[in-house]
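Let's take a walk through a protein model together. Have a look at it first, and then we'll go through who touches whom.

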Amino acid sequence: MGYALVNGHVLDGTLDENGQMIVHDGWAVIVEGELLTAVGELSTADLYGHEVVDLAGAYVLPGLINLHAHLPATGKPPKANAKPVDYKRLFDTLSKVPPALAYFMSMEKSSARNQLLSGVTTLRTVGGVMDHDARIRDQVNAGKALGPRMLVCNTGVSVPGGHFAGSLATEAASPEEAAAHVRQIAETNPDWIKLMITGGVMDASEEGEPGVLRMPPKVVRAACDQAHKLGFNVCAHVESPEGVRVALENGVDSIEHGASPDEEILELFRSNDSVDVCTISPALPYAIMSTSESHAPEAAKANGKVVMDGIIECAKACLAAGIPVGLGTDSGCPFITHYDMWREIYYFAKYCEVSPAFALHTATMVNARILGLEREIGSLEAGKSADLIVCEGNPLDDLTRLRSLRYVMCRGQLITDPKPRRQSKVDRALDRYL
Ligand SMILES: [Zn+2]
């Protein structure tokens, strides 16, 4: 019979010609099956035959889209004086876990579920263990598990000694190996292909190391050519200007994180139709927290600052040049939980100096376009998937209102009083930097 959501304020996710998101009072939202069938000023007759959900003055907006998450990790911060985590060993262990158990761990330990309960109705995962992400996606699609719509990379492609090599990515030592790895990953039914082109903050032991180019241009080229030939887009971890240049010169479609670009790099973005995915969340704890709080080495603090500045400069320069900029959290990294998309939206407005309306539009409509799903998701319009969230106050006045929601709906399935499993320590630590 479907739902009729009434007595709410509707933010449909679109911007008007002045860049404003209009608050539509007196609008209703009608859901039938998995779809929105009407959004607008409706008569009582239109509501007939639907279960009426009285929003009592709450705000309804499109479900959030998170472009960057790693399901196997929880975002738990390191302990004081902890030995550095041996990720390779950890993921080596994980990769030996039978698929059924791995699925149980990922779902019950609630990565995908937490994303959904925090308002993320579409999630792109960009580096996991083997084909576990695709299995979780398929379980969700079959209605056997609670989670958002998912687009997955499964495991990524790195190089020996590169970012996440041997854990969330395989090691390709040559262009031929890279192409072969892409073909193997393609067999596991992914939606995108992920490359690890430069180093990252977590694997840098010295200052100035995070963005060091690890993947040779020819390897990037071979992987991208093979992925494109098989019909996949390529997203890539890059944290230095040189890395961004090599990625764009060799076919990468989506630059994850980014770094301060020059004119030539902006021209490469334009001529390739590539996009930038801004992820302030993973760099911020390193860059801003004291090392006594982040429990990160001094080098990671300095590197975190370089990376955070680069991410912000890349997003700002792309926006100014008319290049699409999307948003993702990098959930799974230390301090980045699976229920924190609202923080990335908040940081984007704060550090990239965009309006709350533009930040929300980015987390919905722009991200939908980056995924090529703008006809299905990203705004509240008749004919699109019934993906929406309801929060108590106007998020345009205060983006932190997105942190707890009254309802989440994904593909027409209504979740009342959604409660992600929270990590109070992480919340307290990050709230100090709002
Ligand atoms: Zn990542």
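Set aside the neighbours within four places in sequence, and Leu195 is in contact with Gly156, Val157, Met215, Val220, Ala223, Val234, Ala236 and Val252. (Contact here means that the C-beta atoms of two residues, placed from the backbone, lie within 7 Å.) Keep in mind that this is a predicted model: local features need pLDDT of at least 70, side-chain atom pairs count only at pLDDT 80 or more, and totals for chains, interfaces and linings use all residues. Residues are numbered from 1 along each chain as its sequence is written.

Now zoom out to the chain, which is divided into domain 1 (3-63 + 378-424) and domain 2 (64-370); these bounds come from an automatic or database domain assignment. The C-alpha centres of domain 1 and domain 2 lie 29 Å apart. Their contact takes 30 residues from domain 1 and 32 residues from domain 2.

What about the inside? The largest nonpolar core has 133 residues, and Leu195 is among those with the most contacts inside it, along with Val29, Val220, Ala223, Ala247 and Ile345. Such a core is a set of buried Ala, Val, Leu, Ile, Met, Phe, Trp, Tyr and Cys residues joined through C-beta atoms within 7 Å, where buried means that 20 or more other C-beta atoms, placed from the backbone, lie within 10 Å of a residue's own. Why does this core lie between domain 1 and domain 2? Because both domains give residues to it.

Key. Buried ≥ 20, exposed ≤ 12 C-beta atoms within 10 Å, placed from the backbone.
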